[in-house]
Amino acid sequence: MYKNNFFLFLNTLNEIIIKNIIKFKNISIIYKPNNKINKNFKEIEIIKKFCKNNKIPLYITDSYQLALKYNANGIFISSSNKIFIRPIQIKNNFKIT
């Protein structure tokens with residue numbers, strides 16, 4: 001069973017969302033970009049910094065390379081994903097949800 005019980009899908013972060021996220025104790029954030037071709041790297045940095053400062057696990061949707069690049073806690077694989085990740089590629093303490 002997962003330590004965190006609630007998952008929140010985000011593609012942007014604003015002050016209203018921040019106020020509401022901090023109220024929850026068992027939450028993980030899943031970054032889901034609007035467009036898979038043009039990922040907003042500045043927005044990922046903002047969400048990553050927020051998660052790190054508030055000790056919230058961060059998962060990135062369907063992109064193992066992006067999750068490694070931004071040192072996310074894991075990857076969220078959607079049902080529409082067609083990519084296979086080999087177990088030898090996965091680093092320690094990296095979760096697949």
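How do the residues of the lining of the second largest pocket divide into nonpolar, polar and charged? Keep this in mind while selecting. The model is predicted: local features need pLDDT of at least 70, side-chain atom pairs count only at pLDDT 80 or more, and totals for chains, interfaces and linings use all residues. Residues are numbered from 1 along each chain as its sequence is written, and side-chain values use heavy atoms, without hydrogens and water.

**Stop 1: β2 and β3.** Select residues 27–31 and 58–61; three bridges join these parallel strands. Y31 stands opposite I60 in β3.

**Stop 2: the pocket.** Select K48, C51, K52, K55, I56, P57, L58, Y70, N71, A72 and N73, which line the second largest pocket. A pocket is an open set of points on a 1 Å grid over the protein atoms alone where a 1.4 Å probe fits, with protein on both sides within 12 Å along at least five of seven lines; lining residues have an atom within 4 Å of a point. Helix α2 (residues 41–54) gives the largest share of this lining, three residues. The lining divides into six nonpolar, two polar and three charged residues (Ala, Val, Leu, Ile, Met, Phe, Trp, Tyr, Cys and Pro count as nonpolar, Asp, Glu, Lys and Arg as charged, the others, Gly among them, as polar).

Conventions: Helix = DSSP H or I, 4+ residues; strand = E, 2+ residues; numbered from the N terminus. Pairing = 2+ DSSP bridges.
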